[in-house]
Amino acid sequence: MAAVVPAGPQISLQGVQKTYPNGTVALRDVSLEIPKQDFVFLVGPSGAGKSTLVRLLIREEKATAGSIHIEGQDLSRLKRRHLPYLRRKIGMVFQDFKLLPNLTVFQNVAFALRVTEGALRHLKPKVEEVLSIVGLEGKEGKYPDQLSGGEQQRVAIARALVHDPRIFLADEPTGNLDPATSWEIIQLLLQINARGTTVLMATHNREIVDVMRRRVVAIEGGQIVRDEDAGGYHAPALESH
Amino acid sequence: MHRLWNRIDFAFSSAWQNFWRNAAVSIASVLIVWVVLLALGSLLLVLHSLDQIVALEKTKASAISVYLADTTPLSSAMDFKLHLESDPRVSSVEYVSKDQAMARFRQLPALDPSVIDTLGTNPLPASLDVTVKDIRDLGAIDQEVRTSPLVDKSPATNYEPNVIDKIILLARVAGIAGLVLIIGLTGLSVFIIMLTIRTAIYLRRKEIEVMKLVGATDWFVRWPFIVEGLIVGVVGAVVAVLIVGFGYRPAVVNLQSVLIFVPLAFDPYYLRVVLAAMLGFGLLLGSVGSYLGVRRFLKQ
C-alpha cells in the first residue's frame with residue numbers, strides 16, 4: 001500500500017449514513033474529520049451509533065451512503081483483498097479483550113504477527129518490544145485467565161501495536177475495568193498517542209472524559225450532536241436542555 | 001521463503017489440530033471417503049476383468065469345438081473334418097488331438113500342473129475346431145454335428161449361444177449400478193467433509209475473528225481448513241489404495257481357482273492406473289468438500 005500519507009485529515013467521513021438490512025438507521029449524515037495524531041473521545045448513549053462508526057472505520061461494515069477516507073483511501077472502493085492491509089494500519093481493542101484463552105500472553109501477541117505472515121525472525125523482538133510498552137514484562141508465559149482484567153486489556157493493546165498502527169481504535173476499552181485500572185489504560189493510550197498514533201476511543205466513562213479535556217465527539221440517534229476541542233462528557237450547561 | 005514456510009507451517013499445524021479436535025467427525029469423513037474409493041477401485045477392476053473376458057470371447061465367437069468320442073478312429077475323424085470343410089458355411093476346420101487338448105489345458109493360468117499329473121489318464125476329448133464365415137450359422141452347425149455318432153455326448157460341443165451378450169449385459173448392469181452407487185457416495189462424502197470443515201470453523205470462530213481483526217488475508221484464514229479436507233481425502237485414499245493394491249492379486253488368484261475356464265488375468269499396469277485414480281479422486285473429494293465448507297462460512 002502507499003507509504004505516502006497525503007495531506008489532509010487522516011480520517012474523514014462525509015455525509016455518512018448506515019442503514020442495516022433490517023431497516024435500523026444507525027448513522028445519518030455523519031461528517032467528521034480527524035487529523036493525524038489527534039486524540040478523540042467518542043461519547044453517547046448505548047445504541048447511539050458509536051460502535052457502528054468504529055465498525056465502518058475498519059470496514060467490518062460498509063456505509064450505505066456518503067464516503068469514508070482513511071489516509072486518502074476511499075473505503076467504499078477498497079477491494080476485499082486489500083482489506084487486510086487496512087486492518088494492519090489500524091490497531092483495535094474492545095471491551096471484551098478478544099484474547100485467545102488457549103494461548104499464552106506471548107503467543108496471543110505473536111499470533112497477530114504469525115497470521116499476517118510477519119517474518120518469524122523478527123517475531124520475538126517485536127513481541128517483547130510491545131509487551132514492554134504495555135508493561136507486561138515477565139508475564140509472557142501466563143494465560144489470559146491467570147491475569148487481571150487490566151492486564152488482559154494490556155495484552156490486547158500489545159497485540160494491536162505489533163503492526164505499528166497509524167490509527168488506534170478503542171471501543172469501550174475500560175467498560176469492564178474498575179476506575180483505577182481504567183486510568184492506567186488511559187495513560188497507556190495517551191502514551192501511544194504521544195508516539196504519533198491517532199487514537200479514537202468510544203466510551204461511556206464520564207469521569208475520564210471530563211478530566212482529560214480532550215476533543216469530544218458526541219453522537220446521539222446516529223448523528224453528531226457536538227464536537228468540542230477540550231470538551232466534557234456532557235455539553236456545557238448553557239447548551240444542555 | 002520464510003513467509004511461505006510460516007504459511008505452510010500454520011496451515012498444517014492448525015489443520016492437524018482441527019482434525020483431532022473433532023476426531024469423531026473427522027474419522028467419519030475419512031471412513032466415507034474410504035468407502036467411496038474402495039467402491040470406485042473395485043468397480044474399475046471388475047469392469048476391466050469383464051472387458052478382458054468379452055475381448056477373449058469375441059475372438060472365439062465364430063468358432064466351436066466339436067468334441068469327438070474317444071472311440072472315434074482318426075480316419076473317421078478326418079472324414080468328418082473333410083465333410084465339414086466341404087460345407088459352404090464353414091471357413092476352416094482344425095483337428096485337435098487329445099494330447100494337444102491337454103497341452104492347451106495346461107496353459108490355463110490358474111491351474112496347478114501337479115494336480116493334472118495326478119489324474120494319470122487324459123480325460124480331455126479330441127476335437128474339431130470349426131470356424132464359420134458367419135456367426136449366425138453356428139447354431140445350425142451345432143445342431144447338425146450333434147447327430148453324428150462320432151461325437152462325444154457329454155458335452156457334444158462348447159457352443160454357448162449369447163454368452164458374449166450376457167457378459168456385455170452383466171458389464172453394463174454392473175457399470176451402471178456401480179456408477180450410481182459411486183455418485184451417491186460421492187455426494188454424501190462431499191457433504192460430510194463439508195460438515196467436518198464447518199465444525200472445525202465453528203470450533204475456531206474466536207481465532208478466525210481475531211485473525212480477521214489483525215489483518216490476516218482470506219486465504220490465510222482458509223488454508224488450514226482446505227488442508228484439513230485434503231488430509232481427510234488422503235488418509236481415506238491411502239487406506240483404500242493399500243487394500244485394493246494388496247487385495248487385487250489374491251482376489252484374481254482365488255477367482256481363477258474357482259472359475260477355471262474364465263480367462264481372468266492380473267493386470268499390474270491397469271492396477272497402477274486404478275490406484276492413481278483412487279488417490280486423485282480422494283484428493284478431489286477432500287478439496288471440493290472443504291472448499292464448499294469454507295466458501296459458505298468464511299464470508300463476512
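Which residues touch the most other members of the largest nonpolar core? Let's start there and then look around the rest of the structure.

## The nonpolar cores

The largest nonpolar core has 109 residues, and those touching the most other members are A:Leu42, A:Leu57, A:Val109, A:Leu169 and B:Met278. A nonpolar core here is a set of buried Ala, Val, Leu, Ile, Met, Phe, Trp, Tyr and Cys residues joined through C-beta atoms within 7 Å. A residue is buried if 20 or more other C-beta atoms lie within 10 Å of its own, exposed if 12 or fewer, and partly exposed in between, with C-beta atoms placed from the backbone. Helix α9 (residues 218-258) of chain B gives this core its largest share, 15 residues.

Let's follow one of these residues, B:Met278. Leaving aside residues up to four places away in sequence, B:Met278 touches B:Leu37, B:Leu40, B:Gly41, B:Ala237, B:Ala240, B:Val241 and B:Val244. There is also a second, separate core of twelve residues, with B:Leu68, B:Val130, B:Val151 and B:Ala156 among them.

## About the model

This is a predicted model, in which local features need pLDDT of at least 70 and side-chain atom pairs count only at pLDDT 80 or more, while totals for chains, interfaces and linings use all residues. Residues are numbered from 1 along each chain as its sequence is written, and chains are lettered from A and ligands numbered from 1 in the order in which they are written.

## Chain B as a whole

Chain B has ten helices and three strands; these are DSSP runs numbered from the N terminus, helices being H or I with at least four residues and strands being E with at least two. Starting at the N terminus, the order is α-α-β-α-β-α-α-β-α-α-α-α-α. Chain B is divided into domain 1 (7-57 + 163-297) and domain 2 (63-146), with bounds from an automatic or database domain assignment. The centres of these two domains of chain B, taken over C-alpha atoms, are 49 Å apart.

What is the radius of gyration of chain B? The value is 30 Å, whereas a compact globule of 300 residues would have one near 19 Å. The radius is taken over C-alpha atoms, and the globule rule is 2.2 Å times the number of residues to the power 0.38. Along the principal axes, the C-alpha atoms of chain B fill a box of roughly 100 × 40 × 35 Å. Of the 300 residues in chain B, 29% are buried.

## Strands in chain A

An open sheet of four strands in chain A has the order β2-β1-β4-β5, with antiparallel pairing. Two strands pair if DSSP finds at least two bridges between them. At the edges are β2 (25-34) and β5 (73-74) of chain A, each pairing on one side only. Strand β1 (residues 11-19) of chain A joins β2(A) over six antiparallel bridges, and A:Ile11 has A:Ile34 in β2(A) as its bridge partner.

Now for strand β3 (residues 39-43) of chain A. Four of its five residues are buried, so β3(A) is largely enclosed by the rest of the structure. β3(A) pairs in the parallel sense with strand β8 (residues 198-203) of chain A over five bridges, where A:Val40 stands opposite A:Leu200. Four bridges also join β3(A) to strand β9 (residues 215-220) of chain A, running parallel, and there A:Phe41 has A:Val216 as its bridge partner.

## Where the chains meet

Between the chains, 18 residues of chain A are in contact with 16 residues of chain B; contact means C-beta atoms, placed from the backbone, within 7 Å. On the side of chain A that touches chain B, α2(A) gives the largest share, four residues.

Conventions
Two residues are in contact if their C-beta atoms, placed from the backbone, lie within 7 Å.
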